[in-house]
Amino acid sequence: MTSPDPVLAELLNSRIRDVPDYPKPGVLFKDIAPLLADAEAFAALTRALADRARALGATKVVGLEARGFVLAAPAAFAAGLGFVPIRKQGKLPGEVHEQSYDLEYGSATLEVQCDAFTPGERVLVVDDVLATGGTIGASLDLVRRAGAELAGVVVLMELGFLDGRERLAPHLGDAPLETLITV
């Protein structure tokens, strides 16, 4: 599902800057810094994410390191919900659940604190970009292993040409995957 609000999608997309050849030649990087710097666009994005959290019955909002934190934390606050970070390995204190996953150039591990959720809590996972789906897929597996239920996933931007949506399908179950902009 993509954004049902074309006006919101147009506003958000107009504030995302294309940076050619970053981080390496041939890559067109989608820079969200101008969107975050624009109070109107950032507020609209935050409201949209908070609305989805409430509509999906979430009790907590999860953000993925690092730009997902910037989107998920204010959305959780606006929805009156708690925020939980999922971080790269070795960044969280105390006992953690871990989930490793493959990248095109190796592997990585994500972590969430063992006491981040109570059993049966409904979690909305928020991130900035859905590319190949590896990081989000690992986070969904981690959320479930930590005892929470997946309310859904909302991403600001989906890079549709990378087929991440198809790769995420086995991790989603019945939970919806929503994007505000598709590139």
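In this predicted model, Val27 sits in the loop that joins strand E1 (17-20) to strand E2. Its relative accessibility is 28%, so Val27 is classed as partly exposed, a class that lies between the limits of 20% and 50%. When neighbours within four places in sequence are left aside, the contacts of Val27 are with Val19, Pro20, Asp21 and Tyr22. Val27 and His171 are 144 residues apart along the chain, and 27 Å separates their C-alpha atoms.

Strand E2 itself contains Asp31. With a relative accessible area of 14%, Asp31 is buried, because this value is under 20%. The side chain of Asp31 has two polar partners to report. One is the side chain of Arg17, with which Asp31 forms a polar contact at 2.6 Å. The other is the backbone nitrogen of Ala33, which lies 3.0 Å from a polar atom of the Asp31 side chain. Residues up to four places away in sequence not being counted, Asp31 touches Arg15, Ile16, Arg17 and Val19.

Thr109 belongs to strand E6. This residue also has a relative accessibility of 14%, and therefore counts as buried. Between the side chains of Thr109 and Ser100 there is a polar contact of 2.8 Å. Beyond four places in sequence, the residues touched by Thr109 are Arg87, Lys88, Gln89, Glu98, Gln99, Ser100 and Tyr101.

At least two lining residues are supplied by each of strand E2 (28-31), helix H4 (67-79), strand E5 (96-103), strand E6 (106-113), strand E7 (122-130) and helix H5 (134-145). Strand E7 provides the largest share, with 4 residues. By residue class, the lining holds 20 nonpolar, 10 charged and 6 polar residues.

Nonpolar residues are next considered in the interior. In soluble globular proteins, nonpolar side chains tend to be buried together. The largest nonpolar core in the model has 31 residues, and the members that touch the most others are Leu12, Leu45, Leu49 and Leu156. Two or more residues of this core come from each of helix H1 (6-14), helix H3 (39-55), helix H4, strand E7, strand E8 (149-158) and strand E9 (177-182). The largest contribution, 7 residues, is that of H3.

Strand E8 contains Val153. Val153 is buried, since its relative accessibility of 1% is under the 20% limit. Apart from neighbours within four places in sequence, Val153 is in contact with Leu124, Val125, Ile136, Leu140, Leu172, Pro176, Leu177 and Glu178. Val153 and Ala175 are separated by 22 residues in sequence, while the distance between their C-alpha atoms is 7.5 Å.

Notes
Residues numbered from 1 in each chain as written. Predicted model: local features only at pLDDT ≥ 70, side-chain atom pairs only at ≥ 80, totals over all residues. Heavy atoms only, no water. Nonpolar A, V, L, I, M, F, W, Y, C, P; charged D, E, K, R; others polar. Core = buried A, V, L, I, M, F, W, Y, C linked by side-chain atoms within 4.5 Å. Buried < 20%, exposed > 50% of the residue type's maximum accessible area, 1.4 Å probe, protein only. Polar contact = N/O pair within 3.5 Å; in protein donor to acceptor, adjacent residues only side chain to side chain. Contact = heavy atoms within 4.5 Å.
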